Amino acid sequence: MQRFLNALPLLAIAGLIWFHFQQPNTDKPKLAKRPSETESLRCQVVSNSIYDGDTFRVQCDGREQKIRLCGIDAPEAKQPLGIESRDYLRSLIAKASNKVIVVEMDRDKYNRTVAEVLFDTPNGEQSVQEEMLKAGMAYHYKQFSGNCHNRDVFDTAEDIGRSQKLGVWRLPNGGERPWDYRKLNKS
């Protein structure tokens, strides 16, 4: 019995360590794995093709396609932070040497490829959408994120940007949402 009582503090410490590693890390969203190598393409972003914070063109396997980032909506160019959002996306892509991993989800009504897009970092693959949301340079477009593998990560990433009052979250009430802006400014 005495041996058991002497080992009890060690068991308690081991239990605390085990418990700690079982808890989710809320500081950084966990990126879900991409489906598989066969369902994703390594692509080159076409020079000068980043139109705004959620759309650009890529060259994949000798074919060019327009990409619409799944699950996010960035401010339009004429909206507050529209140009900043575009430039932030450009900086993310530039850090990745204009190389991205495209995981196609769908096609939209404009025949763009709706995709989750990842880029390589020294610490592994990172989601472009997650980074845009954490920086407050886009909104989680929940209405159109149902097919996105990482939609739950997008919620957490947006919460980080909002809580730190970054980007659009510095604006009163988080600014006018791009989907509302487009409805009011149809040409």
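**View 1. Serine 97 sits in the loop between α2 and β5.** Helices (H or I, at least four residues) and strands (E, at least two) are DSSP runs, numbered from the N terminus. This is a predicted model, where local features need pLDDT of at least 70, side-chain atom pairs count only at pLDDT 80 or more, and totals for chains, interfaces and linings use all residues. Residues are numbered from 1 along each chain as its sequence is written, and side-chain values use heavy atoms, with hydrogens and water left out. Serine 97 isn't a glycine, yet its phi is positive, at about 55 degrees. Most residues other than glycine have a negative phi.

**View 2. Leucine 81 belongs to the loop between β4 and α2.** Here's another positive phi in a residue other than glycine: leucine 81 has a value near 70 degrees. Leucine 81 is also buried (under 20% relative accessible area, with exposed over 50% and partly exposed in between, using a 1.4 Å probe and protein chains only), with a relative accessible area of 10%.

**View 3. Helix α2 covers residues 82-95.** From first C-alpha to last, the 14 residues of α2 reach 20 Å, close to the 20 Å expected at 1.5 Å a residue (that is, 1.5 Å times one less than the number of residues). Gly82, Ser85, Arg86, Leu89, Leu92 and Ile93 are the buried residues of α2. Looking down the axis of α2, you'd find them within an arc of 120 degrees, so they line one face of the helix; the arc is that of the directions from the helix axis to the C-beta atoms. Their cover includes β1 (40-45), β2 (55-60), β3, β5, β6 (113-121) and α3 (128-134).

**View 4. Glutamate 158 lies in helix α4 (residues 151-163).** Though charged by class, glutamate 158 counts as buried, at 5% relative accessibility. Leaving aside residues up to four places away in sequence, glutamate 158 touches Leu133, Tyr139, His140, Lys142 and Trp169 (contact means heavy atoms within 4.5 Å). Tyrosine 139 is 19 residues away along the chain, but its C-alpha is 6.9 Å from that of glutamate 158.

**View 5. The largest pocket holds about 930 Å³ of space.** On a 1 Å grid over the protein atoms alone, a pocket is an open set of points where a 1.4 Å probe fits, with protein on both sides within 12 Å along at least five of seven lines; lining residues have an atom within 4 Å of a point. Grid points are joined across faces, edges and corners, and the volume is the space filled by probe spheres set on the points. β3 (63-69), β4 (72-73), β5 (99-107) and α5 (178-184) each supply at least two residues of the lining.
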